[in-house]
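Please look at the two chains side by side before reading on. The briefing below takes up how they are related, how they meet, and which local features stand out.

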Number of protein chains: 2
Amino acid sequence: MTKKIALLGSTGSIGTQTLQVIDEHPELFEVEALAAGSNIELVLKQIHQFRPSKVSVASREAAESLKAQVPAGTKVYYGEEGLVEIAAGTQADTVVTAVTGSMGLPATLAAIDEGKTIALANKETLVTAGHIVMQRAADKNVAILPVDSEHSAIFQCLNGEPRERLHSLTLTASGGSFRHLSREQLRDVTVEDALKHPNWSMGAKITIDSATMVNKGLEVIEAHWLFGLGYEEINVLLHPESIIHSFVEFTDTSIIAQLGNPDMRVPIQYALTYPDRASLNAKRLSLAEVAQLNFRKMDFDRFPCLRMAYECGRMGGTAPTVFNAANEVAVARFLRREISFLQIEDTLEKVMQRHEVIAHPDLDTIREADTWARRIAAE
Amino acid sequence: MTKKIALLGSTGSIGTQTLQVIDEHPELFEVEALAAGSNIELVLKQIHQFRPSKVSVASREAAESLKAQVPAGTKVYYGEEGLVEIAAGTQADTVVTAVTGSMGLPATLAAIDEGKTIALANKETLVTAGHIVMQRAADKNVAILPVDSEHSAIFQCLNGEPRERLHSLTLTASGGSFRHLSREQLRDVTVEDALKHPNWSMGAKITIDSATMVNKGLEVIEAHWLFGLGYEEINVLLHPESIIHSFVEFTDTSIIAQLGNPDMRVPIQYALTYPDRASLNAKRLSLAEVAQLNFRKMDFDRFPCLRMAYECGRMGGTAPTVFNAANEVAVARFLRREISFLQIEDTLEKVMQRHEVIAHPDLDTIREADTWARRIAAE
C-alpha cells in the first residue's frame with residue numbers, strides 16, 4: 001500500500017524537495033493533492049509528473065489559467081478555501097504543510113479534524129497557535145511529525161523512549177552568517193553580508209532569522225509545543241558545523257543525538273516514512289572527514305532576540321504571534337534597506353514592550369494580534 | 001514489582017558498580033544472588049547489605065569460611081557449579097554476567113536456558129561462542145542486553161528502529177594511551193606508560209588492550225553477534241575524547257549517536273532498566289564545556305591488532321577464541337616484562353598463523369582451541 005500525500009506549498013523549497021523524495025519512492029508514496037501559490041509554470045509541471053486528483057493555487061485567475069492545461073479529472077481550486085480542500089478534502093493519509101505564513105493554520109486544523117497525519121513544515125502553526133493545534137491533535141489522536149531538521153532530530157532521538165524519562169532537549173544553532181562578529185561589528189553589516197549562511201542554503205528571510213537567532217527562538221517555541229517540555233528544559237547550543245542537528249538528554253544522563261550532512265530531504269523523508277525509514281540517495285556523513293566539531297555556550301547578550309523568544313514563549317498567549325509578526329515586518333524592512341541589522345531587534349523589543357498579552361487566544365484573536373504587530377512594526 | 005537480579009562477578013569493577021546502581025534504586029531492583037571470586041571480605045559486606053538468597057565463591061575453602069558468617073537462610077555455593085546455580089537456579093529475572101574469562105560461558109548458557117534476560121559484561125561469551133549463545137538466546141526468546149559502553153550506545157541508538165534499516169554501525173575508539181605515538185616510538189614504551197589510559201579508569205589488562213586496539217577488535221566481534229551485522233558494516237573511528245560512545249547510521253543517511261561522560265553506571269543501569277530508563281546521580285555532559293570533539297580515520301597499519309581482529313571475525317569458528325586467548329597470555333607476559341609492547345602483536349600474528357580454524361566449534365572444541373592458543377603464546 002502506498003501512502004497518499006497531500007502537499008501544501010509544492011513549489012517552495014520544502015515542497016520541491018518533498019516531491020523529490022516521493023519521486024524516489026514510487027513504491028511508498030503517491031501524490032494525492034497539491035497546493036501552490038502563484039508559480040503556475042512549476043505547479044503545472046508537477047501536476048503532469050505526479051498526477052494529483054486535486055490542485056489548488058493562490059488566486060482565481062491562476063486557477064482559471066491552470067484549468068485549461070491540467071489532465072482531465074484533475075480538479076482545480078484556489079485561495080484559502082482551496083488550500084483547506086487540499087488539506088482535508090482528499091483521501092490523503094499525510095498532509096505536508098510547507099506553506100509559509102499564517103495561512104497554513106486553518107488548513108492544518110482542517111486536516112487534523114479529518115484525522116490526517118501532519119508533516120509540519122509551517123512555523124506559524126505552532127508558534128502562533130500551538131495551544132490550539134496540539135489540543136486538537138490530541139483530541140483527534142493525530143500525529144504531528146516535524147519536518148524542520150532540528151525538530152526531526154529530536155523526534156528521531158526520542159523514538160520509542162518514554163517521554164517522562166526526558167531530562168532536557170538541546171537545539172543546536174550554527175550562529176548564522178555573523179556568528180564571528182561582536183555586537184559592535186554588527187552595526188554596519190549589509191543585506192549582502194547577512195545572506196551568506198555558512199551551512200544551509202535557504203531563503204533570504206530564514207537566513208536573516210538565522211543571523212538574528214530569531215529562527216532558533218521560534219524553534220524553541222515549536223519544540224515546547226511538539227515535545228511538551230517547559231522552556232527551562234529546552235536549551236540552545238552554538239555548534240558552528242551544524243552536524244549534530246539536535247539532541248536529547250535522559251534522566252540517566254545518557255544523551256542521544258542525531259547527526260548528518262545538511263540535507264532537508266532526510267527529515268522530510270523521515271516524516272513521510274515514520275515509524276519506518278527508507279533508503280535515500282544522499283551524501284553520507286563522514287566524521288573522519290569533518291574531523292572536528294565545536295560547541296559554545298549560547299550567549300543571550302550577543303543574541304538578544306533569542307532571549308526575547310524565550311520570554312515570549314514563557315508569556316504565551318498572543319506574545320509569540322506578535323514576536324513572529326513583528327519580526328517578519330522588521331526583516332522585510334531590513335531586506336529593503338529601510339532599517340539596519342540591529343534595528344531588527346530594536347523593532348522586536350519595542351513592539352513587545354507595547355503589546356498586552358492575551359492568554360489562550362482563539363484564531364480571531366491571534367489574527368488580530370498579528371495584524372496589530374505588523375502595523376506597529378511598520379511604524 | 002522490583003526486578004530480581006543475579007550478579008556474576010560482584011566484587012569486580014562492573015560488579016561493584018552494578019550494586020551501586022541497584023542500591024540507588026531499591027524501588028526497582030533487588031539482589032537475588034551474587035557470585036564472587038576470592039574477595040571474601042567484600043562479598044561478605046555485599047551479602048549483609050543486599051541480602052541475596054544464594055551466593056557463590058571460587059573455592060570450597062572460601063565457601064566454608066563464608067558459611068559461618070552469612071545471615072541465616074543464605075545458601076553458599078562454590079566453583080563452576082556454584083556459578084551456574086547463581087546464574088540459573090534462582091528466581092532472578094536478569095542475570096548480569098560480569099565475571100572475566102571463559103568461565104562465564106557455561107553459566108550464561110544455563111541462564112539463557114532458564115529464560116533469564118542477560119545483561120552481558122563478559123567479553124569471552126560472544127567472542128568465543130557468539131554462534132552458540134545468540135542461537136540459544138533466539139531459541140529461548142531471551143534478550144542479550146549489552147553492558148559495555150560502546151555496545152550499550154549502539155543498543156540505545158537502535159531503540160525501536162527496524163534492524164533492516166540499519167546501514168552500518170561505528171564503534172568509537174579513544175586510541176588508548178599511545179595514540180599519539182608512531183610505530184617507531186612504540187618500540188620502547190614501558191608497562192607504566194601503557195597503563196595511563198586517557199579517558200577511562202580501568203584494569204591493567206583492558207588498558208593494554210586499549211593501547212593495542214585488541215579491545216576494540218573484540219568489541220567489533222561482539223557487535224557482529226549482538227547486532228547481526230556483517231564485518232563490512234561495522235566501522236571503528238578514532239575519537240580521542242570518548243564522548244560519542246558509538247553511533248549507528250540508517251539507510252536514509254541519518255546518524256543516531258549516544259554521548260555522555262565516561263561512567264559505566266549509565267550502560268549498566270540501562271541494561272537493568274531496559275526498555276525503560278531511570279534517574280542516575282551522575283555528572284551530566286556539557287558539550288559547551290567539552291568545546292571540541294575530534295575524529296580521525298582508523299589506521300590499520302598503525303593498529304595491526306585491529307586488522308587481525310577483523311580477520312579473525314571474518315574467519316569465524318575458533319579464530320576469535322585463539323586470538324583472544326593468545327592476547328591474554330601476551331598481555332600477561334608484557335605486564336610481567338617478559339616481552340615488549342610490540343611483541344604482543346607479534347605473538348598474536350604468530351599464533352594466528354599456526355592456527356587451523358575449525359568452523360562451528362562446540363564448547364569442548366572452543367576450550368581446546370583456547371588451551372592450544374595459550375600454550376603456543378607462552379612459548
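This is a predicted model: local features need pLDDT of at least 70, side-chain atom pairs count only at pLDDT 80 or more; totals for chains, interfaces and linings use all residues.

Residues are numbered from 1 along each chain as its sequence is written, chains are lettered from A in the order in which they are written, and side-chain values use heavy atoms, with hydrogens and water left out.

**The interface**

- In chain B, 41 residues are in contact with 41 residues of chain A, contact meaning heavy atoms within 4.5 Å.
- Because 100% of the interface residues of chain B are also interface residues in chain A, the copies meet through the same surface.
- The area buried between chain B and chain A is about 3,800 Å², with carbon and sulfur atoms giving 50% of that area; buried area is the accessible area (1.4 Å probe) that two parts lose on being put together, summed over both.
- On the side of chain B, the residues that lose the most area to chain A are Asp252(B), Arg277(B) and Arg284(B), which together account for 19% of what that side buries.

- Between chain B and chain A the count is eight salt bridges, each being a side-chain nitrogen of Lys or Arg within 4 Å of a carboxyl oxygen of Asp or Glu.
- Arg277(B) forms a salt bridge with Asp252(A), and the closest N and O atoms of this pair are 2.9 Å apart.
- The elements that give two or more residues to the side of chain B that touches chain A include strand E10 (244–250), strand E11 (255–259) and helix H11 (265–273) of chain B, where helices (H or I, at least four residues) and strands (E, at least two) are DSSP runs numbered from the N terminus.
- The largest share of that side of chain B, five residues, comes from E11(B).

**The sheet across both chains**

- Ten strands form an open sheet of mixed pairing, in the order E13(A)-E9(A)-E8(A)-E10(A)-E11(A)-E11(B)-E10(B)-E8(B)-E9(B)-E13(B), two strands being paired if DSSP finds at least two bridges between them.
- Strand E13 (296–297) of chain A and E13 of chain B stand at the edges, each with a single partner strand, so one side of each is left without a neighbour in the sheet.
- Strand E11 (residues 255–259) of chain A is joined to E11(B) by five bridges, and the two run antiparallel, with Gln258(A) standing opposite Ile256(B) in E11(B).
- Within chain B, two bridges join strand E9 (residues 234–238) to E13(B), again running antiparallel, and here Leu238(B) stands opposite Arg296(B).

**Salt bridges and backbone features within the chains**

- The structure holds 48 salt bridges over all chains, and one of them pairs Lys123(A) with Glu222(A), whose closest N and O atoms are 3.7 Å apart.
- This pair links distant parts of the chain, Lys123(A) being in helix H6 (residues 123–139) and Glu222(A) in helix H10 (residues 214–227) of chain A, 99 residues apart.
- A cis peptide bond with an omega of about 5 degrees joins Tyr274(A) and Pro275(A), and Pro275(A) lies in the loop between helix H11 (265–273) and helix H12 (287–290) of chain A.
- In chain B, a cis peptide bond joins Tyr274(B) and Pro275(B), with omega about 5 degrees.
- Thr253(A) has a positive phi of about 75 degrees although it is not a glycine, and its place is in the loop between strand E10 (244–250) and E11 of chain A.
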